[in-house]
Amino acid sequence: MGFTMRKFRGETTTSEVNSTALEGSDSIGEETVAADMHLRRVKDQHQWDPFMDYDQIDAVDAALATGDPEKEAAVEQSILQEDSPYMEVRASVKPTDDPTEYVETIRAWTIGFIVCTVVGAVNVLLYEHYLVVSITSPVVQLIAYPMGTGWANYMPNVKVFGYDLNPGPFNKKEHTLITMMAAAGTTISYSISILIAQQIFYGQMWGWGFQILLIMSTQAMGFGLAGVMRRFLIWPAAMVWPATLITCSVMDSLHNHASGDPVNGWRIGRYKFFMIVAGGTFIWQWIPNSIAPFVAYLGQFPTWIAPNNVVVNQVFGGHNGMGFIPGTLDWSGVSGFFLNPLQFPSFAIWNSLVGGVVILVCGYSLAFGGADFYKYLPLSANKNFDHFGKTYNTSRILNADLTLNVEAYEEYSPLLIGPAFTMAYALGFAALMSTVVHVILFHGKDIWRRTKNARYEEADVHLKLMRKYPEAPEWWFMGVFVISFIFALVASLVWDTKLTWWGFILCVLIGVALTLPVGIIQAITSQQTGLNIITEFIVGYMLPGRPIAMMLFKSWGYMLMANGLTFVQDMKVGHYMKVPPRSMFRAQLFAVVWLSLVQIATFNFLVGNIPNFCSEDQAQGFTCPAATTFYNASVIWGVVGPKRMFGPGALFSWINWFWLVGAGCTVIHWLIARRYPRSIARYIYFPAIFSIGGMIPPATLWNLSNWLLVGAFFNIWVMRRYKGWWSRYTYVMAGALDVGNALCLVLFALGLGLSGSSFPEWWGVTVADNTIDATRQARTRPAPTDGSFFGPPAGSW
């Protein structure tokens with residue numbers, strides 16, 4: 001006899017396939033089967049769950065061994081339905097909901113519209129500044145709170161089109177809706193960099209029609225895909241999305257001013273704690289940002305003592321060196337490249353530590369024991385070099401139509417990259433392959449079951465509460481995806497992008513296929529495997545010599561996945577905060593459409609009204625660093641192409657072995673984990689190990705060591721020794737540090753940065769910049785000055 005699960009608003013029942021009722025003694029037997037099936041399903045779904053404690057796993061095994069349906073039901077109830085099974089989630093998200101709370105009010109939509117418009121426009125402005133700062137989601141969260149409470153306190157309660165203008169106190173659901181609406185504006189579309197590279201550097205002007213189709217399709221395809229991924233990435237309890245817990249903790253702290261019971265001697269309430277930490281961080285950050293920048297680089301003090309010593313700067317330098325001694329009093333130095341370390345679970349911190357060791361051993365073995373040309377290059381630099389030791393001059397190898405001049409290329413120089421950058425590509429290949437293989441081996445069965453049945457997931461308390469609300473149908477999201485797909489196809493074919501129709505379809509398929517495996521790893525470890533390398537690699541082979549096509553392929557392939565997972569993460573916040581799914585759909589769809597127009601309008605304003613926009617000597621500092629990097633990548637991958645760098649017989653062809661390394665390590669890990677399910681293998685994630693190494697450069701090992709030190713202190717040592725303190729304050733502190741730092745950076749950029757002003761020079765301002773590590777000159781061997789070159793002999797590249 002077959003059974004299916006049917007979950008209604010807050011309760012789970014069983015029903016026999018093709019039956020309408022269960023009666024008599026059959027019901028008892030069927031309930032027994034159902035209880036056993038529920039618990040076995042829980043065990044299957046959490047078999048490899050690193051967040052699940054061993055005592056919970058033991059309780060499941062013991063209940064299944066008894067065969068007692070009452071015990072099995074009781075265990076499932078205690079693990080999933082009373083509260084979250086995970087301490088991290090319990091510390092941040094309440095297992096309750098009030099369905100009567102209002103959500104889509106005039107207040108929420110008005111504040112959301114204003115905030116997302118202003119943030120979207122200002123972030124485009126800031127993103128093209130040399131400081132590359134932005135107004136982040138935590139800042140929006142903080143700004144929206146006094147706006148909402150002010151509205152509640154002073155706005156009259158009158159009817160507008162039948163709706164209350166001021167329905168009452170400003171609540172968390174309204175606040176969440178505003179924050180998620182504006183969150184789309186905190187992330188600048190890749191399309192802006194494409195348009196700058198195209199219009200400023202390549203001189204192609206295709207107008208508003210192309211711009212709108214490009215940016216809207218890039219954003220909206222990701223949103224449409226995100227909705228389809230909910231059954232895999234949002235509804236399962238094991239898909240924790242650790243970064244969202246900070247948002248939820250801050251939201252709860254802002255709306256709950258009460259003091260709790262003492263924990264580890266601390267009595268202060270979370271709201272007061274948040275405001276003190278955020279305010280203190282805001283004040284302090286002016287010191288490393290402007291007044292005394294040396295405090296941001298304390299661990300690099302040996303380079304101040306010997307600023308021109310190559311060995312000292314290579315070992316202790318934090319810009320291009322190994323950064324052997326961690327130490328910084330700048331929160332940006334901790335969280336700038338690797339995000340807030342407090343959002344990463346302890347097992348992810350350990351995996352990242354292993355990744356740091358890998359890049360240290362491999363990268364610097366390559367530097368001192370690899371090819372001879374590495375000795376002439378900086379250890380860690382996110383730049384391309386020629387064989388004279390200078391930045392690669394791409395203009396020397398381009399024809400007038402932006403294609404490769406092979407003769408000029410062979411006369412000039414091969415494209416060279418430093419040892420750490422070489423390993424970044426190698427580990428990027430390994431990370432992507434290990435991500436796909438890991439998800440297939442460890443999560444393949446669950447994915448298949450959820451594909452066949454959206455209600456397969458055993459509901460935890462949060463999913464049960466959310467099922468009280470009407471779900472946003474998948475066809476809504478699929479409709480958005482199809483429309484935006486058509487927009488993108490029109491943009492790629494109507495204008496002379498050099499991207500073929502089959503090339504466009506392939507890049508979309510890559511983004512769609514890899515969103516789920518990358519999303520699963522990110523939902524667990526808080527680390528995202530980038531698709532920029534693989535998309536560049538494929539299009540460079542497939543459509544060589546077409547830089548515009550390369551940029552579009554990369555944008556629609558990579559950003560489809562990245563934007564989609566950003567929307568998924570925001571949906572998880574809505575899930576935790578119990579915002580009705582249809583309200584989230586409307587808010588996010590509005591943000592996608594409106595902010596696309598806002599960002600395009602801001603971009604055109606900047607291009608049309610700022611003199612020398614994106615030039616190196618632009619007076620207000622609008623040098624467009626991200627777009628410049630994007631342009632350089634389009635030349636390297638779209639013009640020189642991966643075949644000349646990574647193809648058979650090429651200088652870096654050995655890097656391709658790392659595709660096999662990524663797959664092989666993961667298969668071996670899976671075999672060990674199956675044989676020893678209670679071993680440390682349960683907590684190993686090769687995608688996280690390889691991904692963290694793939695981020696160096698632009699980050700350095702010094703950045704990573706600071707990040708690891710803070711993350712290990714709070715999420716390993718404090719979590720074990722002072723669990724009560726950790727549960728109450730850690731995520732609140734994480735949000736407060738981010739908010740205070742971001743507010744300082746934005747004001748610094750708008751005040752001192754845009755005006756070109758600076759703090760008066762003194763030793764504490766200049767000492768960290770006056771080293772050969774800071775000037776990227778700490779090289780084992782100096783570049784030749786007699787006109788000769790290093791590296792492969794002439795005619796061999």
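Predicted model: local features only at pLDDT ≥ 70, side-chain atom pairs only at ≥ 80, totals over all residues.
**Salt bridges**

Side chains of opposite charge can pair when their charged atoms come close. In this model, the count comes to 13 salt bridges. Three of them are set out below, each with the distance between nitrogen and oxygen.

| Pair | N to O distance |
|---|---|
| Asp252 and Lys94 | 3.8 Å |
| Asp252 and Arg270 | 3.2 Å |
| Lys554 and Glu536 | 2.7 Å |

**Around Asp252**

Start with Asp252. Its side chain meets that of Lys94 in a salt bridge, at 3.8 Å from N to O. This pair links distant parts of the chain, 158 residues apart. Asp252 sits in helix α11, which covers residues 242-255. Lys94 sits in a loop. That loop runs between α4 (87-90) and α5 (106-127).

Lys94 has a relative accessible area of 42%, so it is partly exposed.

Asp252 has another partner, Arg270. The closest N and O atoms of this salt bridge are 3.2 Å apart. Arg270 lies in helix α12 (residues 270-284) and Asp252 in helix α11, so the bridge ties together parts that are 18 residues apart in sequence. Both Asp252 and Arg270 are buried.

**Lys554 and Glu536**

Now turn to another pair. Lys554 and Glu536 form a salt bridge, with their closest N and O atoms 2.7 Å apart. Lys554 is in helix α24 (residues 547-576), and Glu536 is in helix α23 (residues 532-542). The pair therefore ties together parts that are 18 residues apart in sequence.

Are these residues buried or exposed? Lys554 is buried, because its relative accessible area is 5%. Glu536 also counts as buried, because its relative accessibility is 5%.

**Ser705**

The last stop is a serine. Ser705 lies in helix α30, which spans residues 701-721. Why does Ser705 count as buried? Its relative accessibility is 19%, and buried means under 20%.

Which residues does Ser705 touch? Leaving aside residues up to four places away in sequence, Ser705 touches Gly323 and Pro326.

Notes:
Residues numbered from 1 in each chain as written. Heavy atoms only, no water. Helix = DSSP H or I, 4+ residues; strand = E, 2+ residues; numbered from the N terminus. Buried < 20%, exposed > 50% of the residue type's maximum accessible area, 1.4 Å probe, protein only. Contact = heavy atoms within 4.5 Å. Salt bridge = Lys/Arg side-chain N within 4 Å of Asp/Glu carboxyl O.
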